[in-house]
Amino acid sequence: MSSPAKPTILCVDDERIVLLSLKSELRGKFGHEARIETADSGEEALALIDELEAEGVPLALVISDLRMPGMGGDVLLSRVREKRPDALKVLLTGFADLDAVANAINNAGLYRYLTKPWRREDLVLTVRGALKSWQDERMIEEKNRTIEMMTVSMVTALENVNFVNDAETGRHVRRVGEYARIVAERLGMESAFVKRIALYASLHDIGKVGVPREILVSGLRYTPEEREAMMRHVECGGRMLDMPGIDVMARNVALYHHERWDGTGYAAGLSGEAIPIEARIVAIADVFDALTTRRPYKSPLPPAEAAEIVLADAGKAFDPEVAAAFEADFARIQALCAAREG
């Protein structure tokens, strides 16, 4: 099995003597752990970065002069940030050009800047720190990928429990995850939150494994006693997911997705912002999908009609802000609903 490609340090300067000096110093200190490349302009640097990406070679660090003909270093590093956001950036400047340095800091996510002529020890310490920071970030990403794979496996195993009793219930929980993802995106949640809620929304009904099978598959409206037993699924789900190592979002979704904005929901009777935001999002996705799903005792509602019912409950059952996000992206939700299985 071949070893991973060494990360690249790219040096950019329009003065050949500077490039040779940088390449010599960096090769002597870091040649064993990094590949040293050079470019004499911003345009050449961007072309080389594209080549490295096509070859699958990681780019750890770009060191660029500020003042160059054509594309300046601050603009180049901003472009690098767009192309390879994980690469760190160092700006070299022999001028007191604070505006350009500020531009690089603000728009390029600058790691450091060094004045020319640089002190050798400053250059070495800066590059060593940058490489360590880049490598540490890669390790964190790898661990996060491993955790995510384990989480996906766990969620898949748990949500598959729903198929034991009712195939439509299994499809329902997966659709709720998709609707919740769309609403979370519209609310402007961070990408990590969006990924997590799309994953954990599928577990909102996991507590139904504690509900007698004859209730789940009866196909009839619940008696008061059966309804009471069904309502206990949120507490059951909350207990199942209240374990060390399990993301608290998963527990919150299972335990609180039947709470209502006005405080009349179950089982804790929470209201308003006391209800975790992930549960507020899943609540609206859950009800919409239930309304548009065929049941033995009811026909499915058209998506537009179901949406009207959901939105009419904004401020009562649902967080008004979440309801507004649902309405704003209803076209995407309706498209998914139209393509649904079952």
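**The whole chain**

Start with everything shown: of the contacts (heavy atoms within 4.5 Å) in the protein chain between residues at least 6 apart in sequence, 65% join residues at least 24 apart. This is a predicted model, where local features need pLDDT of at least 70 and side-chain atom pairs count only at pLDDT 80 or more, while totals for chains, interfaces and linings use all residues. Residues are numbered from 1 along each chain as its sequence is written, and side-chain values use heavy atoms, with hydrogens and water left out.

Switch to cartoon and you'll get 16 helices and five strands, as DSSP runs (helices H or I, at least four residues; strands E, at least two), numbered from the N terminus. Of the 342 residues, 44% are buried, that is, under 20% relative accessible area with a 1.4 Å probe, protein chains only.

**Into the core**

Next, select Ile197, Ile281, Phe288, Phe326 and Ile333: they have the most contacts inside the largest nonpolar core, a set of 38 residues. Such a core joins buried Ala, Val, Leu, Ile, Met, Phe, Trp, Tyr and Cys residues through side-chain atoms within 4.5 Å. Its largest share, seven residues, comes from H13.

Zoom in on Ile281, whose partners include Ala180, Phe193, Ile197 and Val322, leaving out residues up to four places away in sequence. Apart from this core there is another, of 23 residues, with Leu19, Leu88, Val127 and Ala130 among them.

**Last stop**

Now pick Thr292, in the loop between H13 and H14. Is Thr292 buried or exposed? Buried, at 6% relative accessible area. Its side chain has a polar atom 3.1 Å from the backbone oxygen of Phe288, and the Thr292 side chain also reaches the backbone oxygen of Asp289 at 3.2 Å.

Terms used. Buried means under 20% relative accessible area, exposed over 50%, partly exposed in between (1.4 Å probe, protein chains only). A polar contact is a pair of N or O atoms within 3.5 Å; within protein, one must be able to donate a hydrogen and the other to accept it, and residues adjacent in sequence count only if both atoms are side-chain atoms.
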